[in-house]
Amino acid sequence: MCATAGVASETKPFHPSAKCCTYVPELPNYLVGAALAEESSPNGHLSLEIRIRHQTAVTPLGVGVVPMLRLAYEAVAEQAFGASDALRCPHYDESGAGSCGIWKHRNAECATWFCRHVRGRIGAELWAALRAFLKAVEAALSAWAALEAGLPSRELLRCLAYRRLAAAERLSVELVRGWDGTRSELWGTLAGREREFFASTAAKVRPLSLTDVLEVCGAEGRAAAEGVRLAFAQTACTDLPSRLRLAPLRVLSTDGLVATVATYGRFDTLGIATDLLHALLAGGPLALADAVRLAGRDDSVRGLAAVRMLVDHGVLVESHADPRTTPIGRT
Ligand code: SF4
């Protein structure tokens with residue numbers, strides 16, 4: 001994703017010293033505790049200790065992001081994600097090969113985000129389902145671990161209220177005003193013992209089995225886990241629709257022989273031979289066999305692989321129109 005000399009890129013190249021780590025993760029308490037106990041990563045400790053010392057959005061539920069800063073980030077992320085080291089994650093370890101300082105204990109977002117996916121849209125849907133599951137786990141388990149580690153219920157309820165405020169998607173007076181309580185309202189008598197508390201939450205979570213975790217997460221976690229199972233089953237499915245049509249298409253560039261088109265994902269472009277693209281554009285809805293013939297010419301194996309690639313990337317989609325009776329160009 002970074003710029004390579006002599007190689008044109010259709011998407012804005014990633015900055016080599018930030019890459020996709022142009023993001024500040026919200027870390028649930030037990031991951032903070034686990035990362036702080038990780039001896040192999042001193043730089044990870046340091047970045048976490050700085051966040052804890054600054055006490056910005058540090059609650060017994062974990063280390064978060066100040067809501068106003070998160071909204072500011074979201075406003076510029078479309079242009080600056082991957083491209084500006086000004087947005088670099090505080091846990092990005094510049095001293096080594098440019099890697100994550102808390103890798104083993106990164107959060108759901110960091111563990112499941114990829115710029116490109118095997119099988120395109122189908123792969124992306126699997127990772128999105130896993131992300132939703134892990135986020136449900138993080139939300140439920142951090143509250144459970146906080147109680148288990150000794151946070152009184154009254155403080156936990158305030159922390160949950162703060163978390164709802166921090167997750168707001170739109171600006172509001174409440175959000176601009178921010179949390180107007182004191183640190184002790186969130187931490188109670190645990191204020192000043194954050195490191196010890198985070199270590200304790202990690203110790204509570206570490207021995208849990210998946211069954212234990214699902215029990216803590218309740219119905220939402222179990223439903224999200226089922227979503228992962230279904231999305232995973234989909235990755236093994238190689239069926240193709242019997243009728244296909246081109247999805248609305250955005251051609252990013254062409255050199256005359258190959259057109260680069262946008263697909264399901266912002267960073268996953270696809271190169272298509274222009275003669276194939278013209279044939280698909282001219283032909284209207286197609287029977288699968290015709291699409292395979294067009295894509296592979298006389299090579300049906302190649303044609304099938306190409307059609308599968310186009311379907312997986314959302315360039316060809318199922319058509320409910322009859323290819324024999326629909327006028328050319330209509331779906
Ligand atoms: S926590 Fe690690 S993987 Fe996530 S954005 Fe930061 S450096 Fe990158």
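How many residues of domain 1 are in contact with domain 2, and how many residues of domain 2 are in contact with domain 1? In this predicted model, 12 residues of domain 1 are in contact with 9 residues of domain 2. The chain is divided into domain 1, covering 27–235, and domain 2, covering 243–318, and the C-alpha centres of these two domains lie 39 Å apart.

**Buried area between the domains**

- The area buried between domain 1 and domain 2 is about 880 Å², and carbon and sulfur atoms give 47% of that area.
- On the side of domain 1, the residues that lose the most area to domain 2 are Arg116, Arg119 and Arg121, which together make up 47% of what that side buries.

**Salt bridge and polar contacts**

- Across the interface of domain 1 and domain 2 the rule finds 1 salt bridge.
- The side chains of Arg119 and Asp312 meet in a salt bridge, with a distance of 2.8 Å from N to O; Arg119 is also one of the residues of domain 1 that lose the most area to domain 2.
- The rule also finds 6 residue pairs in polar contact across the interface of domain 1 and domain 2, with both residues of each pair at pLDDT 80 or more.

**Elements and residue classes on the side of domain 1**

- Helix H3 (67–80) and helix H5 (120–148) each supply at least two residues of the side of domain 1 that touches domain 2.
- Of these residues the largest share, 4 residues, comes from H5.
- Sorted by class, the side of domain 1 that touches domain 2 has 6 nonpolar, 2 polar and 4 charged residues.

**Confidence of the model**

- The mean pLDDT of the chain is 88, and 93% of its residues reach 70 or more.
- Among the elements of the chain, the lowest mean pLDDT, 71, belongs to helix H7 (residues 173–177), whereas the highest, 98, belongs to strand E1 (residues 27–28).
- Over residues 325–331 the pLDDT is below 50, and this stretch has 10 contacts in the model beyond near neighbours in sequence.

Definitions and conventions. Residues are numbered from 1 along each chain as its sequence is written. Side-chain values use heavy atoms; hydrogens and water are left out. Domain bounds come from an automatic or database domain assignment. Contact means heavy atoms within 4.5 Å. Buried area is the accessible area (1.4 Å probe) that two parts lose on being put together, summed over both. A salt bridge is a side-chain nitrogen of Lys or Arg within 4 Å of a carboxyl oxygen of Asp or Glu. A polar contact is a pair of N or O atoms within 3.5 Å; within protein, one must be able to donate a hydrogen and the other to accept it, and residues adjacent in sequence count only if both atoms are side-chain atoms. Ala, Val, Leu, Ile, Met, Phe, Trp, Tyr, Cys and Pro count as nonpolar, Asp, Glu, Lys and Arg as charged, and the others, Gly among them, as polar. pLDDT is the predictor's confidence in each residue, from 0 to 100.
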